[in-house]
Amino acid sequence: MRTIKGPALFLAQFAGDAAPFNSWKSITRWAADCGYVGVQVPTWDARLFDLDRAAESKDWCDTFKGEATEAGIEVTELASHLHGQLVAAHPAYDAMLDGFADPSVRGNPPARQEWAVDRVLKGLTASRNLGLKAMATFSGALAWPYLYPFPQRPAGLVEIAFEELAKRWRPILDHAEDCGVDLCYEIHPGEDLHDGITYEMFLERVSNHPRACMLYDPSHYVLQALDYLDHIDIYGSRIRMFHVKDAELNPTGRQGVYGGYQSWVNRAGRFRSLGDGQVDFGAIFSKLTALDFDGWAVVEWECALKHPEDGAREGAEFVRNHIIRVTPNAFDDFAGAGTDEAANRAMLGLSR
């Protein structure tokens with residue numbers, strides 16, 4: 001077993017136009033001051049990261065990592081969620097998703113999708129140049145508007161959607177293989193890969209591609225009333241990344257999982273800062289440690305109530321207190337009898 005690395009922080013929710021959140025040097029120093037030793041970097045935020053230069057130049061990547069090292073920070077992974085979302089987008093979401101794209105391709109879904117694929121490919125190349133083992137992303141969604149089966153879905157609708165999804169991602173997964181980088185889909189509502197079954201449906205259609213891995217975030221399972229501990233037992237061999245994020249689901253006589261179109265504060269299910277929700281992180285860290293998970297525990301702060309800077313500082317300490325430093329010895333070694341094969345056979349009453 002190996003000790004899980006961390007604490008690390010996903011920077012997407014913190015990047016901004018005001019110091020110290022508006023530059024790579026200052027945000028890494030701030031993260032270190034909060035108690036973090038690693039950061040996960042969004043590939044779409046030019047205030048922190050130049051994706052084109054990172055994909056083109058290992059020297060640039062070495063300088064980028066060096067600036068983080070000066071602050072006492074390691075780059076854990078890149079994250080390409082917003083680009084991945086645009087690899088497969090249902091037309092119902094075109095207007096909202098255009099904001100994720102470069103202005104030159106807005107209002108042009110085919111050009112936007114081509115641009116997004118290029119960005120995900122560059123993210124994988126940049127990950128290789130940075131010496132990273134995994135990159136986070138979203139799958140995008142073609143079937144999501146038809147999640148609830150009323151009106152009745154036409155036969156074959158979901159199958160066609162997943163076949164198209166696999167067709168779009170297969171060349172990207174092959175590039176991930178060439179780069180030696182696992183592509184970790186965050187299993188997330190709003191994506192076609194939003195639970196274990198949909199992940200399996202996709203995996204089957206990409207021929208169980210070895211790079212089609214998983215980012216495990218228990219908060220998204222709490223909000224679906226899904227067993228997030230059993231999920232680790234089922235998919236542990238595919239889990240390569242871990243977002244430490246809390247959530248709560250408090251259904252009432254008025255609303256449940258769907259939330260009644262309410263704001264995050266007023267939903268039955270909502271994200272919370274670490275320790276303020278319902279996730280059993282003690283059990284999660286135990287399971288991942290026992291499975292020899294060798295990645296990072298990355299705090300993704302999202303909370304309907306608490307200030308983000310408070311959530312970040314508390315999150316670092318929370319993760320540090322949950323990481324299990326693995327033992328080099330069995331707890332009962334003190335009582336070992338020091339036997340050999342002959343003695344073992346004699347204990348079983350077997351002839352030598």
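This is a predicted model: local features need pLDDT of at least 70, side-chain atom pairs count only at pLDDT 80 or more; totals for chains, interfaces and linings use all residues.
Thr 76 sits in strand β3, which covers residues 74-79. The side chains of Thr 76 and Glu 77 are joined by a polar contact of 2.8 Å. Is Thr 76 buried or exposed? Thr 76 has a relative accessible area of 6%, and buried means under 20%, so Thr 76 counts as buried. Leaving aside neighbours within four places in sequence, the contacts of Thr 76 include Ala 8, Gly 38, Leu 132 and Trp 296.

If residues up to four places away in sequence are not counted, Thr 137 touches Ser 80, His 81, Gly 84, Trp 169, Leu 183, Cys 184, Tyr 185 and Glu 186.

## One face of helix α10

Helix α10 runs over residues 228-235, and Tyr 228, His 231, Ile 232 and Tyr 235 are buried in it. Seen down the axis of α10, these buried residues fall within an arc of 100°, so they line one face of the helix. An α-helix has 3.6 residues a turn, so residues three or four places apart point the same way.

What do the buried residues of α10 pack against? Their partners are the helices α8 (196-205), α9 (218-222) and α11 (281-290), together with the strands β6 (212-216) and β7 (239-244). At the start of α10, a side-chain oxygen of Asp 227 comes to within 3.1 Å of the backbone nitrogen of Leu 229.

## Open and enclosed spaces

The largest pocket has a volume of about 1,600 Å³. It is lined by 50 residues, and the closest to its centre are Trp 144, Leu 147, Pro 189, Gly 190 and Glu 191. Among the elements that each supply at least two lining residues are α7 (157-179) and β9 (269-272). By class, the lining of this pocket has 29 nonpolar, 12 polar and 9 charged residues.

The structure also holds 1 cavity of 30 Å³ or more. The largest cavity contains about 40 Å³ of space. Its lining includes Lys 245, Asp 246, Arg 272 and Trp 301, and divides into 3 nonpolar, 3 polar and 5 charged residues.

Notes
Residues are numbered from 1 along each chain as its sequence is written. Side-chain values use heavy atoms; hydrogens and water are left out. Buried means under 20% relative accessible area, exposed over 50%, partly exposed in between (1.4 Å probe, protein chains only). Helices (H or I, at least four residues) and strands (E, at least two) are DSSP runs, numbered from the N terminus. The arc is that of the directions from the helix axis to the C-beta atoms. Contact means heavy atoms within 4.5 Å. A polar contact is a pair of N or O atoms within 3.5 Å; within protein, one must be able to donate a hydrogen and the other to accept it, and residues adjacent in sequence count only if both atoms are side-chain atoms. On a 1 Å grid over the protein atoms alone, a cavity is a set of points where a 1.4 Å probe fits but cannot get out, and a pocket is an open set with protein on both sides within 12 Å along at least five of seven lines; lining residues have an atom within 4 Å of a point. Grid points are joined across faces, edges and corners, and a volume is the space filled by probe spheres set on the points. Ala, Val, Leu, Ile, Met, Phe, Trp, Tyr, Cys and Pro count as nonpolar, Asp, Glu, Lys and Arg as charged, and the others, Gly among them, as polar.
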